[in-house]
Structure formats: structure tokens, C-alpha cells
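Open the model in your viewer and keep the sequence panel beside it. This tour moves from one selection to the next.

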Amino acid sequence: MSQPSLPWEGGCRCGQVRLKISAPPLVTMACHCAGCQKMCASAFSLSAAIPSDGFEITQGEPVIGGLHGATRHYFCPRCMSWMFTRPEGMDFFVNLRPTMLDDASWFTPFIETFTSEGLPWAATGAPHSYEAFPPFEAFDGLIQGYAEQVATPAT
Ligand SMILES: [Zn+2]
Ligand SMILES: [Zn+2]
């Protein structure tokens, strides 16, 4: 499914925190790691890597949750929805949980990570699969591959 036109709006479960996306994702992901399983209360997390200058909180004040470490996991202070992550050392993008968007129907994961920790039945259909995290050198190619897929959506 092709992406709707920008900007996109979204918010947490209770609506106290709202956000606006004005730049398309660099790449989309699903993560099977044990930490994401706990924080999502599910088999894997979903992410859309949004360029930082295209990401804006329009209402409310998200708070830090999760590990409280160098990678910052942001939650709604009231309903505790895990909304987005600012990964350590990578300030140029924000990992939005795409199910916060008012319309997430277009979302499909392009990369899946930490399949080594995944539940045996959990499959995402992502075309690029990694047992852990992709090597840093792979990202340029993955971002380019995702842009090409969005330009020519699979039918
Ligand atoms: Zn909330
Ligand atoms: Zn993870």
C-alpha cells in the first residue's frame, strides 16, 4: 500500500500526546529482540525511522521510560504508550512506533532485526532479515532500497 500524503498526525492511546510527521520514513523495521517484546507486550516492535527535522510533538510532554539509558524510549505520561525512540548516537532520525499514527494502514516492515530472539511463530514478511542488528555499512543500501520500494510499491 502506498504512503498517504504528508503531513501525518498521530497520538498515544489516550490522546494526551500528539505528534506530526512532515518527512517520509528513511526505512521501516520490525524488531524481535527480547527488550522490544517486553516493552510492546507483543512478539515484536515496529519502527519508522523519521528524519529528526520532520518529527514534531504538537501536544503533551512525553517522558522517558524503558531502560532509561543512552537510548531514550519516550512514553505518554498518562497512558504509558511507547511512542518513539531516540537511539543512542543517531540524532538524525527518530524511531516512531507507526501504530501511533492515525493511519498506519500503509506500514510494512522493510527490515526485521534480532530474529535470533524472536518467538518461533512470529513472522513479519520483511524482505530483509537479520539475526541481530544489520551492520552499520548496510544502512545506506537499505535506505536506498526502501526509497525504491516506496517509489514502486509492490503489487
Ligand atoms: Zn496517552
Ligand atoms: Zn528490539
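Two residues are in contact if their C-beta atoms, placed from the backbone, lie within 7 Å. Keep that rule at hand for the stops below.

Some ground rules come with the model. It is predicted: local features need pLDDT of at least 70, side-chain atom pairs count only at pLDDT 80 or more, and totals for chains, interfaces and linings use all residues. Residues are numbered from 1 along each chain as its sequence is written, while chains are lettered from A and ligands numbered from 1 in the order in which they are written.

**The whole chain**

Select everything. The protein chain has 2 helices and 11 strands. These are DSSP runs, numbered from the N terminus: helices are H or I with at least four residues, strands are E with at least two. Along the sequence the pattern reads β-β-β-α-β-β-β-β-β-β-β-β-α. The radius of gyration, taken over C-alpha atoms, is 15 Å, close to the 15 Å from the globule rule (2.2 Å times the number of residues to the power 0.38), so the chain is as compact as a globular protein of 155 residues. Its C-alpha atoms fill a box of roughly 35 × 35 × 30 Å along the principal axes.

Now colour by burial. A residue is buried if 20 or more other C-beta atoms lie within 10 Å of its own, exposed if 12 or fewer, and partly exposed in between. Of the 155 residues, 30% count as buried.

**Stop one: an open sheet**

Select S1, S2 and S5. They form an open sheet of 3 strands in the order S1-S2-S5, with antiparallel pairing. The edge strands are S1 (8–11) and S5 (55–59), each pairing on one side only. Pairing requires at least two DSSP bridges between the strands. S1 and S2 (residues 18–21) are joined by 4 bridges. Click Gly11: its bridge partner in S2 is Arg18.

**Stop two: the core**

Next, find the largest nonpolar core, which has 28 residues. Such a core is a set of buried Ala, Val, Leu, Ile, Met, Phe, Trp, Tyr and Cys residues joined through C-beta atoms within 7 Å. Select Val27, Met29, Cys31, Ile50, Met83 and Leu96: these have the most contacts inside it. Strands S2, S3 (28–31), S4 (45–51), S8 (82–86) and S9 (93–96) each supply at least two core residues. S4 gives the most, with 4.

Stay on Leu96. Beyond four places in sequence, its contacts are Ile21, Ser47, Ala48, Ile50, Phe55 and Phe84.

**Stop three: S8 and its partners**

Select S8. Of its 5 residues, 4 are buried, so S8 is largely enclosed by the rest of the structure. S7 (residues 72–75) pairs with S8 in the antiparallel sense over 4 bridges. His73 has Thr85 in S8 as its bridge partner. The S7 and S8 hairpin has 6 residues between its strands, and Met80 there takes a positive phi near 65°.

S8 and S9 pair in the antiparallel sense over 2 bridges. Phe84 stands opposite Leu96 in S9. This hairpin has 6 residues between the strands, with Gly89 in the turn at a positive phi of about 75°.

**Last stop: Arg97**

Where does Arg97 lie? Look in the loop between S9 and S10 (111–113). Arg97 counts as buried because it has 22 C-beta neighbours inside 10 Å. Leaving aside neighbours within four places in sequence, it is in contact with Ser45, Leu46, Ser47, Trp82, Met83 and Phe84. Finish on Ala49: its C-alpha atom is separated from that of Arg97 by 9.0 Å, with the two 48 residues apart along the chain.
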